[in-house]
Every structure is written in C-alpha cells, then in structure tokens.
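Here is my note on the model you asked about. Please have the sequence and the structure open beside it as you read.

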Amino acid sequence: MTESDENIVDRIVDRISDRVSDRKGQEGQGAAKALDNDLLLRALMREPVPRTPVWIMRQAGRYLPEYRATRAEAGDFMSLCKNPELACEVTMQPLRRYALDAAILFSDILTVPDAMGLGLYFETGEGPKFERPLRTAAEIRNLPIPDVSGSLGYVFDAVRTIRRELDGRLPLIGFAGSPWTVGTYMVEGGSSRELGTIKALAKDDPASLSALMDKVAATTIEYLNAQVESGAQALMVFDTWGAALAPDDYRRFSLASMQKIVDGLIREREGRAVPVILFTKGAGPLLTDMAATGCDALGVDWTTDLSRARAYTGDRVALQGNLDPATLRESPETIREGVARVLESYGDGPGHVFNLGHGITPDIDPDHVGVLVDAVHEMSPRYHR
Ligand code: CP3
C-alpha cells in the first residue's frame, strides 16, 4: 500500500471535520421545521418515547404490487434507482399502506462500486453482477476514488425529492454498504456463498485488501455525508457479510473500515443529531466490539436475543430489530406472538427500534406487514411507562 493510499481516509476525515466546524459557526442555517413524528430519531438516541418506533428493512420492494408496477414503468431496477421521481415514488409506497415511523431512501449498496467504474448490472433472478470485478493488486491500486457529487448525483437528487415529498411527516434514513460487504461483490463479481476469492485475497495479500477497504471507506464517507447534506436524517451501514469472517479478520477488515466511516460522518445537522446505525448480520458477541465504535445504534438479526444483545452492549447504544423475516409467512396470530416476544426480549425503557432481523422477502403477503406494524403500535406502549 502506498503512503498516499494509507492517508486517503485520514485526509477525508480531516476535510470533513473542517467542514463540520465551519458549519457550527453558521447558527440557524438549514434549521428545518420540527418533524411531526420523530420517534425513530429519539429512540436511536435512547431518548424516551411513548411507544417503540417501527420500520422494515427493504420496506419498498417486490412484495408490493405497486413497487413491481413502478419498476416496470422504469424498465429495470437500476433505472428505477437512477430516476429520482420514481425512486421517491417507491420510497413513499409502504408509507401509504402502513403506520411506519421512517422512510428509507430507495437505492442500493452497490451504487458505490458502480460509481467506481465496475459496471453494475442485474440479471433477472440472479442478483447483482459486475462487468469488471477486481482481482489483482494492480487493479485495486488503479481503482479511482470517484467524485460522488457527479457519479452519484442521482442519489442525492432522490434524497432531496423524498425530503420534499415527506414534508416533515417522518424522518428519512440514508444508507450505504460496509466496505467489506461491498468489497465481496467487487471481488467476487456478484453474490457468492463461499466468498472464496476475497478470503484468498485476505490471506495472500492482506495489504491489497486493506487498500481496497480504505478506498471504499473513503468513498462511502463522502457518499453518506452528501446524503446528509441533501436531507438524510439518520444513516445505516449494512454489513451483510461481515460475520462470514473469523472474529479477528472481522475486526481487521470489516469493523476497522466501519470505524473509519463512523469517525468521518457528519453527526449533527438541522440542529439535531444524525444517528448512525451499524448492522452486521449474525454479529452475535461481536456486537460488543461494534458498540465501541461510537455509533448510536446497532441492527441485530434474529439469531441473537435482544436481551442478550443488550447485555453485550451494556445499553451504550440503541438496538434495532429483530423479528425473523420468516415469521411474516405465518398466520396473523403467530406474527403478533412474534412481535410480543421481541418487545419482551428488549424489555423496558427507551433505545429499541422495531424491525425485522433482515430484509423482507418478495413472497410476503402485504397484509401481514400491516399486522406486524399495528401490533408494535398496540403492544409497545407498556414498555415505555
Ligand atoms: O430497505 C429499503 O427499502 C431500501 C432499499 C434497499 C435495496 N437494497 C433495494 C433493492 C436497501 C437498503 C438495499 C441494501 C442491499 N443491497 C444490501 C444490504 C442489505 C441486505 O439485504 O443484506 C445488499 C447485500 C444489496 C445487494 C443487492 N441488491 C442484492 C444481493 C440484490 C438482489 C437480491 C434481491 O433481493 O433480489 C439487490 C437488488 C435489490 N436492491 C432489490 C431491491 C428492492 C431487488 C431488485 C428488484 O426489484 O428486482
């Protein structure tokens, strides 16, 4: 790794700290009208709330017929992501059906490597693919750090359009993938069960893998901060594949790069905190390490009880989760029982955001999502007295 590579993230973090302190001198700048419903932002900061807020990972998606119709209108998934008006439309769709407490930007974690020139495309039924995956140290060395304002401008346009459309009703969550998870797609060239190629890189040439993690982290810092400057009010980092690594490698490659991101983010805007949620699927006891990054909240999947997660993290962070998405295939009564168990597992007090433990799948009956959301509204107030 060259000296300049090593310093990329540090330089970006310094530049952002300068911008953040500049902004602190401009009181009142951008102070927007108060949110009608700020339960999500309060819960993520572990402030008291009258009930547990709820949103659903992948709440805009194929289980909704109106989503499939809008995607057809756009032509395909990437054209939908790149059209700010239609991306706004699908972001709003689940909010019209359910009493959710947040909107999440409609986009994908793989827009970042697409902007780095890898050529993202989707083949129906096969998931994401890259035309030019990264395989060699030289390819990683030559990988450009893109100017996100140009190449990802369509995402920031979508954020501004969604904020305008939300008109202060609910907060908007922005997001990105973790460098490790994004890196798995960049190196493997698509979805992979074994992650054989990137794990071989970790073993044979860890310096090149670290250089790749640094480049993706640097780009992701700029990308997330531009989402905040365009109107995102909370941020989530999706690390879907971190737990595929042995714990030491997880800390070295996945957690270290998420730490750099946490350190580089704008944490206050429009006069209030911009909470940061980290989600490593399957983290288990590693939640303890994640809580030490200085993030505000952790996503928890269904393989760890929230009571246990709370013990791992010592109430230092809020927790988001964690109903098994498969529960949504069951009867309304079973869904309600599942909701009751998750609420009981977290227990009393603030700092819980209800969600699934991972994204909703395309086969779910939309009415079942309504059962979940209504159950959280009905059952959660007693944990906040
Ligand atoms: O939560 C939301 O509603 C926001 C939208 C969102 C999408 N992708 C839209 C999407 C978010 C937050 C993501 C994140 C994402 N993308 C992750 C991390 C979260 C997770 O679920 O683990 C990952 C690993 C990806 C990469 C990705 N994008 C894959 C593997 C696939 C194909 C698998 C699938 O579900 O088809 C996508 C495509 C994708 N991203 C779709 C949607 C709605 C489906 C595309 C379609 O409409 O055909």
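1. A word on terms before the sheet. Two strands are said to pair if DSSP finds at least two bridges between them. Helices (H or I, at least four residues) and strands (E, at least two) are DSSP runs, numbered from the N terminus. With that in hand, you can look at β9, where the bridge partner of F279 is G299.

2. Some housekeeping. This is a predicted model, in which local features need pLDDT of at least 70 and side-chain atom pairs count only at pLDDT 80 or more, while totals for chains, interfaces and linings use all residues. Residues are numbered from 1 along each chain as its sequence is written, and side-chain values use heavy atoms, with hydrogens and water left out.

3. The overall picture. The protein chain has 17 helices and eleven strands. Its radius of gyration (taken over C-alpha atoms) is 20 Å, close to the 21 Å that the globule rule (2.2 Å times the number of residues to the power 0.38) gives for 385 residues, so the chain is as compact as a globular protein of that length. Along its principal axes, the C-alpha trace spans about 55 × 50 × 45 Å.

4. Burial and contacts. Buried means under 20% relative accessible area, exposed over 50%, and partly exposed in between (1.4 Å probe, protein chains only). Of the 385 residues in the protein chain, 58% are buried. Contact means heavy atoms within 4.5 Å; among contacts with a separation of 6 or more, 73% come from residues 24 or more positions apart. The chain exposes about 15500 Å², and carbon and sulfur atoms supply 47% of that area (Shrake-Rupley method with a 1.4 Å probe).

5. The sheet. Seven strands form an open sheet with parallel pairing, in the order β1-β4-β5-β8-β9-β10-β11. At its edges are β1 (103-104) and β11 (352-356), each of which pairs on one side only. As background, strands of a sheet pair through backbone hydrogen bonds, either parallel or antiparallel.

6. On one side, five bridges join β5 to β8, with L278 as the bridge partner of V237. Three bridges also join β8 (residues 276-280) to the parallel strand β9 (residues 297-299), and in β9 the partner of I277 is A297.

7. Which helix lies across β4 and β5? It is α12 (residues 206-230), which runs at about 170° to β4 (172-177) and also lies across β5 (234-239). Axes here are lines fitted to C-alpha atoms, for helices over the stretch in contact, and angles run from 0 to 180 degrees between N-to-C directions.

8. Helix α9 (residues 153-166) passes a simple length check. At 1.5 Å a residue, its 14 residues should span 20 Å, and its end C-alpha atoms are 20 Å apart, which agrees; the expected span is 1.5 Å times one less than the number of residues. Ten of the 14 residues are buried, including Y154, F156, I162 and R163. Just after α9, D167 takes a positive phi of about 50°.

9. Helix α5 (residues 84-97) is mostly covered too, with ten of its 14 residues buried. Among them are P84, C88, M92 and P94. The buried residues of α5 pack against α3, α4 (77-81), β1 and α9.

10. Backbone spots worth a look. The peptide bond from G321 to N322 is cis, with omega near -5°, and N322 is found in β10 (residues 318-323). R46, in the loop between α2 (39-44) and α3 (65-74), has a positive phi near 60° and counts as partly exposed at 36% relative accessibility. L195 has a positive phi near 55° and sits in the loop between α10 (179-188) and α11 (196-204). Is L195 buried or exposed? It is buried, with a relative accessible area of 3%.

11. Finally, P362 is in the loop between β11 and α17 (366-379). At 41% relative accessibility, P362 counts as partly exposed. Not counting residues up to four places away in sequence, P362 touches R62 and Y63.
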